[in-house]
Amino acid sequence: MIPASFDYVRAGSVDEAIGLLSEHGEDAKLLAGGHSLLPLMKLRLAQPAMLIDIGRLRELSYVKEEKEYVAVGALTRHHDIAQSPVALASAPVLAHVAGQIGDPQVRHRGTIGGSISHGDPASDLPAVLLALGGTLVVQGPNGRREIDAKDFFLSFFEVALTPEEVLVEVRVPRSSGQWGFEKLTKRAQDWAIVGAVAVKTSDGVGVGLINMGPVPLRASAVEAAVTSGAKAIDAAQLAGEGTDPAADFNGSVAYRQHVAKVLVRRALEKVGV
Amino acid sequence: MKVDMTVNGTPESHDVAARTLLVDYLRDAVGLTGTNIGCDTTSCGACTVLLNGESVKSCTVLAAQAAGDDITTIEGMAHEDGTLHPVQAAFQECHGLQCGYCTPGMVMAITSLLKENPEPTEEDVRVGLEGNLCRCTGYHNIVASALVASRSPEMHR
């Protein structure tokens, strides 16, 4: 399978990428590791006229500890996050989940920024970001702005980036506490049929859901129940609330909502709820 | 567009369309057909090559993305005198293949795995090969090959 024709240009800096995006608008797409975009292009589900390759911008590849948060450069590969001593110490759930994405070959290419700005509700990292209460830093022609993770995922494969903006940094609050991550797949490397993540945060327990609707979701009803003292087994019964999962060959809506309850209970138990 | 890269230590320069995948660049432009195309959807790992020493699926990398990089394919594994690379030798010793279609990708994936984890457990190998499918062997002898290769002195130099 071969993608439809496109023009390819390598951007030498974030500013150059923003300039090219401003010039070419929605005809252009950013290319980071390419592990979300290229498969879509090979299936001709995406046919951008221009690819702006930002994959070489090494200045956007880092995991840094700041006072209140861990800052991850948008072009940091899953492999590097999984191995990062900073991530392992101060955002261990992020390191763990990054190390579970796809397979080693995918993790050698795929980046956190690419995965998050793709906005696939079946991908793992957005749910982690929601559970942790993360922030996205995006850069456009008028400088940088910050977007709360809960405001970033708008609809199916649609995120809050404007066509000329580049996601440059992902911030998650430091959290060395307990966490639980549960993913149901039929084969090791597959996308989650359903997934759940629970994290102890300064505000209580954050719970994120994978593949339970057109966007990555936060299980607010479960979180509220935990805050008011519910045990894992009872709080998890609310995991289907506010969800709108797709029915497909992997399972019906009812099946996914059942699995979500099971996985949320397991994840909550791992954080001592 | 002109795409230059080093393949198995040899500089290559070919004029290809921007949409050319790395696997097609290697097979059609360079003429090295040892890298197989299996699923063509980032699932099976048959097209695994090393990009700057790390395993990647060459069906999901544009040749243009790899411009300027060092690529190693199965043809670049054996020594110049024909002596097999320790991972290849282990596959021979352990009967790590039947039809052989997945084998080039398996060898490259294991080489990358052993670079990152020189003394893997059986579990490490099984998890580390999650991106490579084999429909003949049941994986048993492939895993054994990886473990035997990990004990080769040449892999620890």
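This briefing covers two interfaces in a predicted model: chain B against chain A, and domain 1 against domain 2 within chain B. Local features need pLDDT of at least 70 and side-chain atom pairs count only at pLDDT 80 or more, while totals for chains, interfaces and linings use all residues. Residues are numbered from 1 along each chain as its sequence is written, chains are lettered from A and ligands numbered from 1 in the order in which they are written, and side-chain values use heavy atoms, with hydrogens and water left out.

**Chain B against chain A: extent**

- Contact (heavy atoms within 4.5 Å) involves 31 residues of chain B and 32 residues of chain A.
- About 2,500 Å² is buried between the two chains, with 51% from carbon and sulfur atoms; buried area is the accessible area (1.4 Å probe) that two parts lose on being put together, summed over both.
- Of the area that chain B buries against chain A, 29% comes from B:Arg19, B:Gln65 and B:Glu130, more than from any other three residues.

- B:Glu130 forms a salt bridge with A:Arg107, and their closest N and O atoms are 3.4 Å apart.

**Chain B against chain A: elements and composition**

- On the chain B side, β3 (48-51), β4 (54-57) and α3 (103-116) give two or more residues each; helices (H or I, at least four residues) and strands (E, at least two) are DSSP runs, numbered from the N terminus.
- The largest share of that side, 4 residues, comes from β4(B).

**Domain 1 against domain 2 of chain B**

- Chain B is assigned domain 1 (2-76) and domain 2 (86-156), with bounds from an automatic or database domain assignment.
- Their centres, taken over C-alpha atoms, are 21 Å apart.
- The contact takes 19 residues from domain 1 and 15 residues from domain 2.
- The two domains bury about 1,200 Å² between them, 56% of it on carbon and sulfur atoms.
- In domain 1, B:Asn36, B:Thr48 and B:Ile74 lose the most area to domain 2, together 36% of what that side buries.
- The domain interface has 0 salt bridges and 7 residue pairs in polar contact, both at pLDDT 80 or more.
- β3 and β4 of chain B each supply at least two residues of the domain 1 side.

Note on methods. A salt bridge is a side-chain nitrogen of Lys or Arg within 4 Å of a carboxyl oxygen of Asp or Glu. A polar contact is a pair of N or O atoms within 3.5 Å; within protein, one must be able to donate a hydrogen and the other to accept it, and residues adjacent in sequence count only if both atoms are side-chain atoms.
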